[in-house]
Amino acid sequence: MFKHLFKLIWNKRKQNFLFLSEILVSFLVIFAVFSFLTYYYQNYSKPLGFDYKKVWSIYYENGELTKNRDSLAIFYENLNKSLKSMPQIEEVTFSSGNFPYSDSFMSTGLTQNGKKFNMVSHFVVGTDYKKVWNVSLLEGRWFMPEDLVSKNKGIVINETLKKAVFGNTNATGKLIGDYDDKEKMKVLGVVQDVKSNGDFAPAGNAMFVQLDSGYYRDTHNILIKVREGADANFESQLYKFMATSVKNAVEIKHLDQMRDSKNGVTIIPMVIFIIIASFLIINVALGLFGVLWYNINKRKAEIGLRRAIGASGNSVSNQLIMEAMILATISLIVGCFFAVQFPLMSVFNIPASAYFIAILLSVIFIYVLVLLCSLYPGKQAAAIHPAIALHEE
Amino acid sequence: MIRLNNIEKVYRTDTVETLAINGISLDIAKGEFLSIMGPSGCGKSTLLNIMGLLDEPSKGSIKIDEQDISRFSDQKLARFRNQKLGFIFQSYHLINDLRVLDNVELPLLYRNSSAKERKLLATAALEKVGLSNRLKHFPSQLSGGQRQRVAIARAIVGNPQIILADEPTGNLDSAMGNEIMDILINLNKNEGTTIVMVTHDESMAHKTHRLVRLFDGSQVQ
């Protein structure tokens, strides 16, 4: 029967072109949606790697601060002490502008045995950065003040970078070259991946460098972890204190709000995409339903004939559903050919696994869609009275 | 072979009730070639559909090969039609998107026969009707007479005991009609197939063993 149906479909390929095209287009749209959804889900299901709750960021203009390096170091030391002395503040650290959920991005390259590792997120952080974020250490240790005077600059790398550079071996104590391999840096420790660009973005390769006094002139951000009870009154006091200290504009942000905003950048376009795709799929479903319905009405005489020569109502219904499924399979083969190019060519830097899962989900989705759209026309075909159908031309 | 007992068929709509067959009883013996005649709308095709188990009578009973088919399920009726009955229609009812050989193989698809066996039987059936050189043609590439011969091959491919022909020569000129009639007569004579044929053509009807005339749903001869 399968061969017979295939022959019938092949001989009617021109009439089936619309159906085939509809399925192909829907598959490609669904594949795009599922690729992103799978990718986002894969990222979402990975641990966040840090604790953003009760963390505030303080941005300040530093133009009015002294340019003298030593005086600036003393100023920051005093500022750190003053902030820590506030009962509502648990931890304080200075940071480059690209702290988690900020809109800043800073990257560098690394070299290991002649191999380049580009687009490594580069975080310049204070000694207490780990405490503020509650980042988990997987091996080695975090920075200590004496690391600033060691022969090789100490760095802490994240898990993804460690795997990329050192595989499954221990990274602590090993040296790694900077982007042009002129300076060797020593890996002090490895921390768990930190999803600093939101719940749906990958951690990527990241390295942390300790903030030294030479970087103070470029420092604009303080991160604080506050205790329970740090309210709007405290925020107002903190604002005044900071504005007085830096003699310039200050902005305080709550990291949980920044996180929502960062996640929104992913969620909102995705929701819009899903809504548009849903409308398209509804239209395609109605189209498929219409095409199948039209085909059945056009093939009433054939249905009557098949009933006369030995087909039961069920076998007529099954035949029509099978025909729709075979047509869907032909479209899916073509669709999969195009879809497979995405993981093969690493398009959009999405992992191949996300693409393959998306292909599988899209294939299942299309089969379910076609099955649902063909069930009712199939049932109607089964109900066609053979004696009446045989009088149709 | 076929026993119709007091068959009635009523078509009902919300407002109208039409009596298409009015108490027809008929016995058709095995190997008989029977023709049914009558004016348009007298119930000939309805009666043939009832005999072919394509339609149910409103009243009365029908036995084929000593089996009371009134309690058959849809599945069982389909199997019965496939194994015992062959149909020939005035408008051939060939599937235009299938080649001649595939059209003839159709009834065998609803049996558990292999592709090889189907091809063998279909080729043999087409040889019987003189179309062994048209296996790969599409119906649209054939003349009316050839199409009807394909339809006959399709009807006989499963070796049915009964052939029901609804005006098989109705769309053909007299020469072609005679050719088709000769094939049916040979089938009846050589294979012993029981044939019931609805026709408007008196000369064709006279070539059969028995003629039944209908008028307004009743048997008048």
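View 1. Nine bridges join strand β1 (residues 2-12) of chain B to strand β2 (residues 17-28) of chain B, and the two run antiparallel. With four residues between them, β1(B) and β2(B) form a hairpin. Here helices (H or I, at least four residues) and strands (E, at least two) are DSSP runs, numbered from the N terminus, and two strands pair if DSSP finds at least two bridges between them. Residues are numbered from 1 along each chain as its sequence is written, while chains are lettered from A and ligands numbered from 1 in the order in which they are written. Because the model is predicted, local features need pLDDT of at least 70 and side-chain atom pairs count only at pLDDT 80 or more, whereas totals for chains, interfaces and linings use all residues.

View 2. Strands of a sheet pair through backbone hydrogen bonds, either parallel or antiparallel.

**View 3. The six-stranded sheet of chain B.** Six strands form an open sheet in the order β6-β7-β8-β3-β9-β10 (chain B), and in this sheet the pairing is mixed. The edge positions are taken by β6 and β10 (218-219) of chain B, each with a single partner strand, so one side of each is left without a neighbour in the sheet. Strand β7 (residues 162-166) of chain B pairs with strand β8 (residues 194-198) of chain B in the parallel sense over five bridges, and the bridge partner of B:Ala165 in β8(B) is B:Met197. Helix α5 (residues 144-156) of chain B lies across β6 and β7 of chain B, running at about 170° to β6(B); such angles run from 0 to 180 degrees between N-to-C directions, and the axes are lines fitted to C-alpha atoms, for helices over the stretch in contact.

View 4. A residue is buried if 20 or more other C-beta atoms lie within 10 Å of its own, exposed if 12 or fewer, and partly exposed in between, with C-beta atoms placed from the backbone. The buried residues of α1(B) include B:Lys44, B:Ser45, B:Leu47 and B:Met51. After α1(B) comes B:Leu53, whose phi is positive, near 60°.

**View 5. The side of chain B that touches chain A.** In this view, 23 residues of chain B are in contact with 21 residues of chain A, where two residues are in contact if their C-beta atoms, placed from the backbone, lie within 7 Å. The elements that give two or more residues to this side of chain B are α2 (74-84), β6 (85-89) and α3 (100-109) of chain B, and α2(B) gives the most, with six residues. By class, the side of chain B that touches chain A has eleven nonpolar, six polar and six charged residues; Ala, Val, Leu, Ile, Met, Phe, Trp, Tyr, Cys and Pro count as nonpolar, Asp, Glu, Lys and Arg as charged, and the others, Gly among them, as polar.

View 6. Chain B has seven helices and ten strands, and of its 221 residues 48% count as buried. The C-alpha atoms of chain B fill a box of roughly 50 × 40 × 35 Å, taken along the principal axes. As for confidence, the mean pLDDT of chain B is 87, and 100% of its residues reach 70 or more, pLDDT being the predictor's confidence in each residue, from 0 to 100. Among the elements of chain B, β10(B) has the lowest mean pLDDT (78) and α3(B) the highest (92). The model scores ipTM 0.88 and pTM 0.80.
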